[in-house]
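This report describes one protein model, from its overall make-up down to single residues. The sequence and structure come first, and the text follows.

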Amino acid sequence: MMKRLFSIYMIFACTISMLQAKVVLPELFADNMVLQQETEAALWGKAEPGAKVTIVGSWSKSKVTVTADADGKWFARIATPKAGGPYELTFNDGEKLTLKNVLIGEVWFCSGQSNMEMPLKGYDAQPVEGAVDVILGAKPSVPIRVCKV
């Protein structure tokens, strides 16, 4: 009976591990993200220890390959073009993971206290100068993407 339970447990454990994607990215990297233009964008994640992870942006034929360390962690930098998109960003360690609708442009990280609660357009009595024109002028070819954490 114990051998049978152990066998069932091992089959279950192996099946679960095979269902998981090998390359794992932090939530920061996802479909619809924006990468800073004309820079070496930092990317990181996890894979099987010792795995070679190849990263390709559809804006370039260049590949970046890194090796996951003993803990499975890897870090890479990839050159980004001038503002544009949408592009795809593919991570491959034998299994492909592709992020879609990636834009290249200006990325601003803002932090603070109560002043960071202001909406993009400003408050009713305190509008942000020019914000309404920018918001109304946004379209698929010139979008605005905001991520609030």
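The accessible surface of the protein comes to about 11,200 Å², and carbon and sulfur atoms hold 59% of that area. The model is predicted. Its average pLDDT is 84, and 84% of the residues score at least 70.

**Overall make-up**

The protein has two helices and nine strands. Read from the N terminus, the order of elements is α-β-β-β-β-β-β-β-β-β-α. Of the 149 residues, 23% are buried. Among contacts with a separation of 6 or more, 53% are between residues 24 or more positions apart.

**Aromatic pairs**

How many aromatic pairs does a search of the whole structure find? The search finds three, and two of them are described here.

One of the pairs is formed by Phe 29 and Trp 44, whose ring centres are 4.8 Å apart. Their planes meet at 75°, which is over the 60 degrees required, so this pair is edge-to-face. The pair links distant parts of the chain, 15 residues apart. Phe 29 belongs to the loop between α1 (2-19) and β1 (34-36), while Trp 44 is in strand β2 (residues 40-46). Phe 29 has a relative accessible area of 8% and is therefore buried. Trp 44, with 36%, is partly exposed.

Another pair consists of Trp 74 and Phe 91, with ring centres 5.9 Å apart. Here the planes are at 40°, so the pair counts as tilted. Trp 74 is buried at 5% relative accessible area, and Phe 91 is buried at 0%.

**Backbone features**

Most residues other than glycine have a negative phi, and most peptide bonds are trans. Which residues are joined by a cis peptide bond? The bond is between Gly 85 and Pro 86, with omega at about 5°.

Positive phi values occur at Asn 32 and at Glu 38, neither of which is a glycine. For Asn 32 the angle is near 75°, and the residue is in the loop between α1 and β1. Asn 32 is partly exposed, at 41% relative accessible area. For Glu 38 phi is near 50°, and this residue is in the loop between β1 and β2. Glu 38 has 53% relative accessibility and so counts as exposed, the limit being over 50%.

**Surface and loop residues**

Gln 37 is also placed in the loop between β1 and β2. Is Gln 37 buried or exposed? Its relative accessibility is 18%, which is under 20%, so Gln 37 counts as buried. Leaving out residues up to four places away in sequence, Gln 37 touches Thr 80, Pro 81, Lys 82, Ala 83, Ile 104, Gly 105 and Glu 106.

Leu 120, Val 134, Ile 135, Ile 144 and Val 146 make up a nonpolar surface patch of about 440 Å². Leu 120 sits in the loop between β7 (96-105) and β8 (122-123). With 49% relative accessibility, Leu 120 counts as partly exposed.

Lys 148 is in the segment after α2 (131-137). It is exposed, at 75% relative accessibility. The C-alpha atoms of Lys 148 and Glu 117 are separated by 9.8 Å, and the two residues are 31 residues apart along the chain.

The table collects relative accessibility for some of the residues named above.

| Residue | Relative accessibility | Class |
|---|---|---|
| Gln 37 | 18% | buried |
| Glu 38 | 53% | exposed |
| Leu 120 | 49% | partly exposed |
| Lys 148 | 75% | exposed |

Conventions. Residues numbered from 1 in each chain as written. Predicted model: local features only at pLDDT ≥ 70, side-chain atom pairs only at ≥ 80, totals over all residues. Heavy atoms only, no water. Patch = residues over 30% accessible without salt bridge, like charges linked within 9 Å, V, L, I, M, F, W, Y side chains within 5 Å. Areas by Shrake-Rupley, 256 points an atom, 1.4 Å probe, with all protein chains shown as cover. Salt bridge = Lys/Arg side-chain N within 4 Å of Asp/Glu carboxyl O. Helix = DSSP H or I, 4+ residues; strand = E, 2+ residues; numbered from the N terminus. Buried < 20%, exposed > 50% of the residue type's maximum accessible area, 1.4 Å probe, protein only. pLDDT = per-residue confidence, 0-100. Phe/Tyr/Trp six-rings, centres within 6.5 Å; stacked < 30°, edge-to-face > 60°. Contact = heavy atoms within 4.5 Å.
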